[in-house]
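Let's take a walk through this one, starting with charged pairs and ending at an annotated residue. Keep the viewer open as you read.

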Amino acid sequence: MIANSYLRLHPKSLALAAGFKLPHRSICSSSELDLDMAATQLGLKSNSPYKKKSFWQLLAMSRHSSLESSSEVEKKRPVQFLKDKRIVPDSEPPNPRDVGLLQQFFEQSRRLVVLTGAGMSTESGIPDYRSPNGAYSSGFKPITHQEFVRSRKARRRYWARSYAGWRRFTAAQPSAAHTALASLEKVGRINFMITQNVDRLHHRAGSDPLELHGTVYTVACLQCGSSMSRNLFQEQVKALNPKWASAVESLECGDPGSDKNFGMQQRPDGDIEIDEKFWEEEFDIPDCEKCGGMLKPDVVLFGDNVPKERADKAMEAAKSCDAFLVLGSAVMTMSAFRLVRAASDANASIAIVNIGKTRADDFVPLKINARCGEILPRLVGMGCLAIPNV
């Protein structure tokens, strides 16, 4: 939760997280802070009495705002679902040495590129594929692009399950990892961010990453290329399947496999497992309103390729950086692995924070086995990251 992560930070790092502009060196004295800049970045009006307040009072105002906003989020959160820690891989807390090595990695970089994966979102309640507790461990096989395009039955299964899982999927909130990363980005410690995730949790935390694999928040037509918001698509599904939709929306969380909840089990891309008898015959899929074409989530499904313009932008960032950090990814997909390899070939420093093995372990010098939501807040909480000269 945002409030908890802020309250654990060192006072100087709270300044960073709140958006204060600090000098190049770490400081302790509030007199060295640019209070005008701080007030502006905190959203205080020019005629507010902030100049009469100390640095710590300004910081308290920021924390109070964070507490208020996060408490509202907590009221809306489906607590029982998001507290299911089985989807979070087991890992020992990061040790001081690892935190220090990651801090040094940040300190020595000037053009840092960050690549994030599913391990960033498991602590938000969204499962991954490849970890010991991931979707693959239960025998799940995600739909491929070819299967989606060729089989109406496959599309019906995908959209029925995805429709059912949408409310749970969008209920997930940014984790401490997302918040800490957004803080580091805000103060200039990250030059460019790429994410393999399709859940938009980085955006909700305040970051603006390149979405390498697209996003489930948009639905696109494969024929004319037009797109619509996922929420609008959900309404169209509901209109076409009123009885089915009503049954799904009234479900309560029960034991997996029970008729009470259709045996629902959340999947990484917002899909949800439902017994075939509930969608096999009576589920209609909307067509494109402009041309009548086939609608597909605007994501790169397995077996598909990343759009060239997007892939080129990510590759350019990887080749031009001086440091490349992988967070929460085993980089098993070629679209991600080739970025790590390109950065390494360009003599950039490489580091990985992930639980378990990755495809790049053989040539990456710094590998830290830790949860992103534990090590990143500690990194920010050290309060001693210098802000690079711009």
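**Salt bridges and a buried histidine**

Searching the whole structure turns up 4 salt bridges, a salt bridge being a side-chain nitrogen of Lys or Arg within 4 Å of a carboxyl oxygen of Asp or Glu. Before going on, note that this is a predicted model, where local features need pLDDT of at least 70, side-chain atom pairs count only at pLDDT 80 or more, and totals for chains, interfaces and linings use all residues. Residues are numbered from 1 along each chain as its sequence is written, and side-chain values use heavy atoms, with hydrogens and water left out.

Start with Arg157 and Glu147, whose side chains form a salt bridge at 2.9 Å, N to O. This pair ties together distant parts of the chain: Arg157 sits in helix 8 (residues 152-171) and Glu147 in helix 7 (residues 145-150), 10 residues apart. Helices here are DSSP runs of H or I with at least four residues, strands are runs of E with at least two, and both are numbered from the N terminus. Glu147 has 31% relative accessibility, so it counts as partly exposed; buried means under 20% relative accessible area, exposed means over 50%, and partly exposed is in between (1.4 Å probe, protein chains only).

Next up is Glu211 with Arg200, a salt bridge at 2.7 Å, N to O. Here too distant parts of the chain are linked, with Glu211 in strand 3 (residues 210-211) and Arg200 in the loop between strand 2 (192-195) and helix 10 (201-205), 11 residues apart. Glu211 is buried at 13%, while Arg200 is partly exposed at 27%.

Asp312 and Lys308 also pair up in a salt bridge, at 2.7 Å, N to O. They are 4 residues apart in helix 13 (residues 308-320), so about one helical turn separates them. Asp312 is partly exposed at 39%, and Lys308 is exposed at 62%.

Now for the annotated residue. An unreviewed UniProt entry marks His213 as "active site"; positions from UniProt follow the numbering used here, feature names are shortened, and annotations may be inferred rather than shown by experiment. His213 lies in the loop between strand 3 and strand 4 (214-221). Is His213 buried or exposed? With a relative accessible area of 11%, His213 is buried. Leaving aside residues up to four places away in sequence, its contacts (heavy atoms within 4.5 Å) include Thr195, Asp298, Arg310 and Ser335. Gln196 is also among the residues that His213 touches, and the backbone oxygen of Gln196 lies 3.4 Å from a polar atom of the His213 side chain.

Note on methods: Polar contact = N/O pair within 3.5 Å; in protein donor to acceptor, adjacent residues only side chain to side chain.
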